[in-house]
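Please find below a short note on the model under review.

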Amino acid sequence: MKQKGIDSFVNQRIWVIGASSGIGEACTKAFIKAGAKVALSSRRAERLDTLAQSAKPGQALVFPLDVTRQEQLDSAYRGILEAWGGLDLLLFVSGVYTPLRADNFEFNIAQKTIDANLLGPMRAVSIVMPDMLKVHSGHIAIVGSVAGYSGLPKALAYGPSKAGIINFCETLYYDLLPQGVSVHMISPGFVATEATAQNDFEMPALITADEAAQEILAGLQAGEFDIHFPKRFSGFLKFLRILPYPLYFWIIRRFVKI
Ligand SMILES: NC(=O)c1ccc[n+]([C@@H]2O[C@H](COP(=O)([O-])OP(=O)(O)OC[C@H]3O[C@@H](n4cnc5c(N)ncnc54)[C@H](OP(=O)(O)O)[C@@H]3O)[C@@H](O)[C@H]2O)c1
């Protein structure tokens with residue numbers, strides 16, 4: 001049994017949460033170009049408005065919100081239903097990253113990271129899923145990270161938040177596949193965005209946000225559960241996680257600046 005893909009994005013009703021920059025912005029531009037209807041969300045309203053202006057009249061909606069605020073997500077979804085009467089795809093891209101290691105670990109930062117990166121998607125899914133289950137169609141796509149595969153340095157909060165996304169998507173898939181609702185777990189490697197501009201090391205297999213968007217749209221169209229890229233990097237990390245721990249830790253210490 002294979003889950004459904006998206007034959008064409010024309011007139012698909014898509015909610016992009018985290019549309020104001022980076023991968024989310026690039027996906028939004030690609031959806032607009034492909035003729036989809038797009039609802040844009042994140043905190044920075046001006047950036048969403050500017051992006052919406054690049055769409056045709058009636059093609060884009062803007063709902064500024066913070067993913068840690070349930071009532072703001074609820075109200076945006078109500079707005080989407082009023083305007084469109086339903087939703088075909090939730091693409092949750094929003095995420096935050098603060099490098100954290102043992103010598104600067106702060107619980108408050110960890111809590112904020114989990115709230116935005118793991119509880120945020122759970123909030124959004126809890127809002128859209130009941131209607132998708134009723135109509136036995138729809139797509140839930142969540143951007144995690146290859147950093148969720150196994151422990152990596154400097155990711156004491158980000159890593160667990162993204163590992164949680166992997167388990168959440170895997171577990172959702174069991175329930176939603178027989179109901180006709182597709183789940184897409186998206187695991188990017190390094191992508192050049194505002195988030196990675198802070199990195200003080202050379203990022204292997206770095207790709208642009210537009211390239212990431214192409215991978216994501218192609219994966220959604222094909223109905224893929226596991227959308228990971230670029231394969232030369234994500235495939236290597238997938239291989240590392242099946243190694244015994246002593247070998248895994250040795251390789252990471254050998255190749256990553258710790
Ligand atoms: N870049 C990479 O190398 C890479 C690799 C693997 C995974 N990822 C994941 O890809 C996703 C996008 O990252 P990016 O690199 O494109 O970063 P980015 O350019 O910093 O974009 C992050 C997006 O998340 C939104 N956001 C953050 N906190 C939010 C909140 N509390 N409420 C609503 N929106 C919020 C931001 O919008 P506002 O500031 O306007 O709210 C922005 O639109 C993240 O989940 C990230 O973890 C990125």
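1. The model is predicted. Among the elements that cover the buried residues of helix α5 are helix α4 (107–135) and the strands β5 (139–143) and β6 (182–188). The buried positions of α5 are Tyr 158, Gly 159, Ser 161, Lys 162, Gly 164, Ile 165, Ile 166, Phe 168, Cys 169, Leu 172 and Leu 176.

2. The length of α5 was checked against its residue count.

3. The packing of α4 on α5 has an angle of about 15°, and the two axes are 8 Å apart. Because angles under 35 degrees count as roughly parallel, α4 is described as roughly parallel to α5. The crossing of α4 past α5 is right-handed.

4. On the α4 side, the contact is formed by Thr 113, Ile 114, Asn 117, Leu 118, Pro 121, Met 122, Val 125, Met 129 and Leu 133; these meet Tyr 158, Pro 160, Ser 161, Lys 162, Gly 164, Ile 165, Phe 168, Leu 172 and Leu 176 of α5. By class, the residues of this contact comprise 13 nonpolar, four polar and one charged.

5. Some backbone values deserve attention. Most residues other than glycine have a negative phi, and most peptide bonds are trans. His 136, which is not a glycine, has a positive phi of about 55°. This residue lies in the loop between α4 and β5, and its relative accessibility of 41% is the reason why His 136 counts as partly exposed.

6. A positive phi is also found at Ala 205, where the value is near 55° in a residue other than glycine. Ala 205 belongs to the loop between β7 (191–192) and β8 (207–208).

7. The peptide bond joining Phe 229 and Pro 230 is cis, with omega about -15°. Pro 230 is located in the loop between β9 (226–229) and α7 (231–240).

8. Arg 232 is part of helix α7. With a relative accessibility of 60%, Arg 232 counts as exposed.

9. How far apart are the C-alpha atoms of Arg 232 and Ile 166? The separation is 20 Å, for two residues that are 66 residues apart along the chain. Of this pair, Arg 232 is exposed, whereas Ile 166 is buried.

How values were computed: Residues numbered from 1 in each chain as written. Predicted model: local features only at pLDDT ≥ 70, side-chain atom pairs only at ≥ 80, totals over all residues. Heavy atoms only, no water. Buried < 20%, exposed > 50% of the residue type's maximum accessible area, 1.4 Å probe, protein only. Helix = DSSP H or I, 4+ residues; strand = E, 2+ residues; numbered from the N terminus. Contact = heavy atoms within 4.5 Å. Axes fitted to C-alpha atoms, helices over the stretch in contact; angles between N-to-C directions. Parallel < 35°, antiparallel > 145°, perpendicular 65-115°, else oblique. Left-handed = near helix turned anticlockwise from the far one by under 90°. Nonpolar A, V, L, I, M, F, W, Y, C, P; charged D, E, K, R; others polar.
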